[in-house]
Structure formats: structure tokens, C-alpha cells
Amino acid sequence: MRSLSMTNLGAVCNFEYANPADDAAAAGRYDAIYNRFFMGGIFQKSYPDLVLERLEPHLPKGWDTDLI
Amino acid sequence: MIQRRHFPEEFLFGTATSAYQIEGHAHGGAGRTHWDSFAATPGNVVRAEHGQLACDHYHLFEQDLDLVAAAGFDTYRFSTSCARVMPEGRGAVNQEGLDFYDRLTDAMLERGLKPAATLYHWEMPSALEDQGGWRNRDIANWFGDFTDVIMGRIGDRMYSVAPSTSLGALVGCHILKVHMRPGCANFVRRRVQCIMCFAPMEQR
């Protein structure tokens with residue numbers, strides 16, 4: 001779309017607020033997987049450590065070259 | 001009571017739809033989507049309802065946009081069904097489909113509505129779903145090709161464009177949870193493999 005000289009391009013995201021009942025670590029993981037996974041890929045060209053900690057073994061081969 | 005004057009001048013009010021839910025995919029030469037396959041499978045949908053006609057927006061879009069304008073909205077977010085534009089998901093283009101989105105765009109502008117397009121609002125061509133859909137990393141390129149075709153036609157009049165709707169919901173609900181969409185098992189690996197396809201697509 002940029003090659004068509006189009007502007008005002010974006011993403012539609014739906015975020016959720018993770019408010020822990022009693023487990024702050026779990027809320028942090030939820031926030032990482034549900035929210036920051038997407039924002040990291042789009043804005044920072046990386047995925048959050050909290051995501052990679054558990055999910056990296058499941059990622060497809062070559063995933064880390066996507067974002068360069 | 002909160003009123004419009006309480007919002008900044010530049011604040012835009014809008015409403016949104018998605019293609020398969022309203023258009024009626026039996027019309028205009030559209031190809032099959034995964035929703036058609038899902039709906040055609042006994043036991044998946046109450047009363048075996050489907051989106052062949054839906055709201056018949058394909059024929060009634062002028063009246064529908066009259067309602068949007070009459071409600072006082074500034075912008076209208078709609079989606080462009082890939083299967084309507086490229087019935088097999090790739091390759092041959094259905095001119096009727098392109099013509100429809102062209103008419104739809106002009107109808108918005110005639111009513112003073114800013115067109116906000118969504119390239120994918122959960123309407124996957126069956127031909128691409130058969131090849132893995134979001135789990136096949138080639139999809140970033142397939143959707144790139146679709147984007148070139150549809151935006152080559154209407155891109156000159158778009159106010160804004162988003163590649164996909166609600167990324168988190170798409171992966172979390174649509175792809176994983178059987179109750180929300182065509183039978184996918186709920187396991188982590190599928191989810192992360194789908195997310196991996198979005199980053200390259202969003203960057204394209």
C-alpha cells in the first residue's frame with residue numbers, strides 16, 4: 001500500500017486489561033501474550049521475553065528473521 | 001449526559017461491519033470462504049443458517065449507507081472480502097467484486113463518510129484455508145497480492161486501511177476456539193504460529 005502512495009495505514013487491535021485476582025505473574029503473562037505479543041512485533045521488531053520464555057519452542061522455524 | 005460537543009472537534013465517530021456478515025456471498029461471483037464451508041457442515045450452526053444472503057448488503061448498500069449517514073457518523077469501517085475479489089484466494093480476479101467495492105467506496109464519499117477499509121475481517125477464501133490459512137507463512141504474500149489488487153482499485157479514495165481486524169481476537173477466538181469458528185483445536189502451537197504470520201503481513 002505504501003508503494004501505491006497510500007497513507008494512514010494502521011492496525012486494528014483489541015487489547016484487554018489484565019487485572020490479577022491473586023497472581024500478578026499470571027496477569028503479566030496474559031498481558032504479554034494477549035497484548036504485547038502484537039505490539040512488540042509491530043513496533044519493536046521483537047517479541048516480549050515473557051512470551052518467548054514459554055512459547056519459543058513452539059514458534060515456527062526462522063521466526064526470528066521475520067522482523068528484521 | 002455525554003454529548004458530541006464534549007469530544008474534540010477532530011474526534012471521528014464511526015461504525016463498522018464485516019463483509020461476510022452482511023454482503024451475501026452468493027452474489028457477485030464471490031468465491032467460497034471458510035465460513036461457507038463451516039456453515040455447510042451439519043451441526044455447526046443453529047438452523048443451518050449461512051451467509052449466502054446475509055443482509056443482502058451487496059444489493060442494498062446504498063440504503064445501508066443512507067442509514068450510516070443519517071445516524072451522524074463521520075467514518076465507516078468495512079471489510080473487503082478476498083474471496084469476492086479473488087475467488088480462489090490467488091490468481092484470477094473477479095471484476096464484479098472489484099466493481100462492487102468501487103461502487104461502495106463512491107457511495108460512502110457521496111454521503112460524506114470517510115472510508116476505512118479492513119483487508120481481512122475473518123473472511124478467509126476456502127482455497128487458502130485448505131492450504132493452512134493463517135498457519136501457512138506464505139499467507140503474508142498471498143494477502144500482499146490481494147492488497148495490491150483491491151487497493152489498486154479503491155486505494156486512491158481510502159481514508160484509512162488496516163490489514164486485519166482485532167488481531168488478538170482473531171487469533172484467540174477465531175482461530176482457536178471451536179465455538180467461534182470452523183473447527184480448530186485449542187492448543188498453543190497453532191496460536192503462536194498464526195501470530196508469527198501477522199508481523200510480516202502488517203509490515204508489508
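1. A:Asn8 is found in the segment of chain A that comes before helix H1, and the model in which we see this residue is a predicted one. A:Asn8 has a positive phi of about 60 degrees although it is not a glycine. Most residues other than glycine have a negative phi.

2. Helix H1 of chain A, which covers residues 24-44, deserves a careful look along its length. This helix has 21 residues, yet its end C-alpha atoms are only 24 Å apart, whereas a straight helix would reach 30 Å at 1.5 Å a residue. In H1(A) there is also a kink of about 55 degrees, and the kink is centred on A:Arg36. Just after the helix, A:Lys45 takes a positive phi of about 55 degrees.

3. Which residues of H1(A) are buried? They are A:Ala32, A:Ile33, A:Phe37, A:Phe38 and A:Gly41.

4. Chain B has nine helices and four strands, and when it is read along the sequence these follow the pattern β-α-α-α-β-α-α-β-α-α-β-α-α. Of the 204 residues in chain B, 41% are buried. Among the contacts in chain B with a separation of 6 or more, 78% are between residues 24 or more positions apart.

5. The four strands of chain B form an open sheet in the order E1-E2-E3-E4, and their pairing is parallel. The edge strands, each of which pairs on one side only, are E1 (14-16) and E4 of chain B. Neighbouring strands of this sheet are turned against each other by 20 degrees on average, with direction ignored.

6. Two of the pairings can be followed residue by residue. E1(B) and E2(B) pair in the parallel sense over three bridges, and the bridge partner of B:Thr15 in E2(B) is B:Tyr76. E3(B) and E4(B) also run parallel and are joined by four bridges; here the bridge partner of B:Tyr120 in E4(B) is B:Ser164. Although E4(B) is an edge strand, four of its five residues are buried, so this strand is largely enclosed by the rest of the structure.

7. The largest nonpolar core has 35 residues, and those with the most contacts inside it are B:Tyr76, B:Leu113, B:Ala117, B:Ile139, B:Phe143, B:Phe146 and B:Val161. The elements of chain B that give two or more residues to this core are helix H3 (57-70), strand E2 (75-79), helix H4 (82-85), helix H5 (95-110), strand E3 (114-120), H6, H7 and strand E4 (160-164). The largest share, seven residues, comes from H7(B). Apart from this core lies another, of six residues, among them A:Ala32, A:Ile33, A:Phe37 and A:Phe38. In soluble globular proteins, nonpolar side chains tend to be buried together. If we leave aside residues up to four places away in sequence, B:Phe146 touches B:Cys82, B:Val85 and B:Met86.

8. Not counting residues up to four places away in sequence, B:Ser81 touches B:Ala19, B:Tyr20, B:Glu23, B:Ala30, B:Thr33 and B:Glu123. The C-alpha atoms of B:Ser81 and B:Gly97 are separated by 8.8 Å, and these two residues are 16 residues apart along the chain.

9. B:Gly133 lies in the loop between helix H6 (126-129) and helix H7 (139-154) of chain B. This glycine has 20 other C-beta atoms within 10 Å, and because 20 or more is the cut-off, B:Gly133 counts as buried. With residues up to four places away in sequence left out, B:Gly133 touches B:Met124, B:Leu128 and B:Ile139. B:Gly133 and B:Met151, which are 18 residues apart in sequence, are 21 Å apart in space from C-alpha to C-alpha.

Methods:
Residues numbered from 1 in each chain as written. Chains lettered and ligands numbered in written order. Predicted model: local features only at pLDDT ≥ 70, side-chain atom pairs only at ≥ 80, totals over all residues. Buried ≥ 20, exposed ≤ 12 C-beta atoms within 10 Å, placed from the backbone. Contact = placed C-beta atoms within 7 Å. Expected span 1.5 Å × (residues − 1). Bend = angle between axes of the 7 residues up to and from the residue. Core = buried A, V, L, I, M, F, W, Y, C linked by C-beta atoms within 7 Å. Pairing = 2+ DSSP bridges. Axes fitted to C-alpha atoms, helices over the stretch in contact; angles between N-to-C directions.
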